[in-house]
Amino acid sequence: MSHEAHEPETPHLDFNGTTPYEDYVKADVLTHLQHTLSDDPGEMVFLVTTQVMELWFTVIVHEWETAAKALREDDVPTAVDALRRSRRELEALNASWRPLSGLTPAQFNSYRGALGEGSGFQSAMYRRMEFLLGDKSASMLVPHRGAPRVHAELEKALHEPSLYDEVLRFLARRGHAIPDEVLRRDVSQKYEPSAQVEAVWMAVYAGDERDEVARLGEALTDVAELVWRWRNDHLVATRRAMGAKTGTGGSAGVAWLEKRAQKSVFPELWTARSYV
């Protein structure tokens, strides 16, 4: 018997057109979407990093919508699985700040003019993320009036229950004392904390940690923590690159980001811990 090592067969290479990989991933499209507007070589990493962030926003919106749908159907395991996947995806999203985290003002200024009136504040997919977290505002649709499809998707998201709304409705169906004014609230408005909802989470956390509602609460808390870290990483990267100057597109820049970083996602999940 021969003991000679056999080279693996060469895979089939001739597809008489595009490859199955290209057909699925659309890599040729993705890698030709970068059109820099300045001569600065650093603009490419800024542009690609921003595009990567948009792709992560898209995945995370998909996960949270999956979780919301599962909760409407009282399917907690599927909801928790989607939230846990989104936790890993949020970690990858947050890591996207690393290529930009060391920008000096001079480096950022070398291509800042290319952004014109553009600002991350205008990201429609990021706005859908915020809407799913319960941070609703009809005024956030205004920048997208000129893009009918995008505007329609955002308007739909504005008037749908947020992920947290679906959580609270699920808790009510499980017999927890979620007040009627929370269950019947106008879901197109920003969610405001409730002392009664806080009491429900206090009771959940005072009980069996292995209960599926407690596990759901922890999966939501993981998401909330990573969203908070995203906001803080954004704040630090912006402060380092441009200090307290007005942001791109006329936004308030660091001042606005500081305000955002102080806000908690799913607020009663945090405040309830003080009383357990």
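I began with the terms: a residue counts as buried under 20% relative accessible area, as exposed over 50%, and as partly exposed in between. I also noted that I am reading a predicted model.

**Entry on Val25.** I looked up Val25 and found it in helix H1; its relative accessible area is 30%, and because that value falls between the two cut-offs, I wrote Val25 down as partly exposed.

**Entry on the surface patch.** I then traced a nonpolar patch on the surface, formed by Tyr21, Tyr24, Val25, Val29, Leu30, Leu33 and Leu55, which together have about 730 Å² of accessible area. Helix H1 (20-25) and helix H2 (27-30) are the elements that give two or more residues to this patch, and H1 gives the most, with three residues.

For Phe266, leaving aside neighbours within four places in sequence, I listed contacts with Leu133, Leu163, Tyr164, Leu220, Val223 and Ala224.

**Entry on Leu183.** Last, I found Leu183 in helix H9 (residues 180-183), where its relative accessibility of 24% makes Leu183 count as partly exposed. Beyond its neighbours within four places in sequence, Leu183 is in contact with Leu168, Arg169, Ala172 and Ile178, while its C-alpha atom and that of Asp222, 39 residues apart along the chain, are separated by 24 Å.

Definitions and conventions
Residues are numbered from 1 along each chain as its sequence is written. This is a predicted model: local features need pLDDT of at least 70, side-chain atom pairs count only at pLDDT 80 or more; totals for chains, interfaces and linings use all residues. Side-chain values use heavy atoms; hydrogens and water are left out. Helices (H or I, at least four residues) and strands (E, at least two) are DSSP runs, numbered from the N terminus. Buried means under 20% relative accessible area, exposed over 50%, partly exposed in between (1.4 Å probe, protein chains only). Contact means heavy atoms within 4.5 Å. Patches are made of residues with over 30% relative accessible area and no salt bridge: like charges are joined within 9 Å, nonpolar side chains (Val, Leu, Ile, Met, Phe, Trp, Tyr) within 5 Å. Accessible areas come from the Shrake-Rupley method with a 1.4 Å probe; for residues, only the protein chains shown count as cover. A salt bridge is a side-chain nitrogen of Lys or Arg within 4 Å of a carboxyl oxygen of Asp or Glu.
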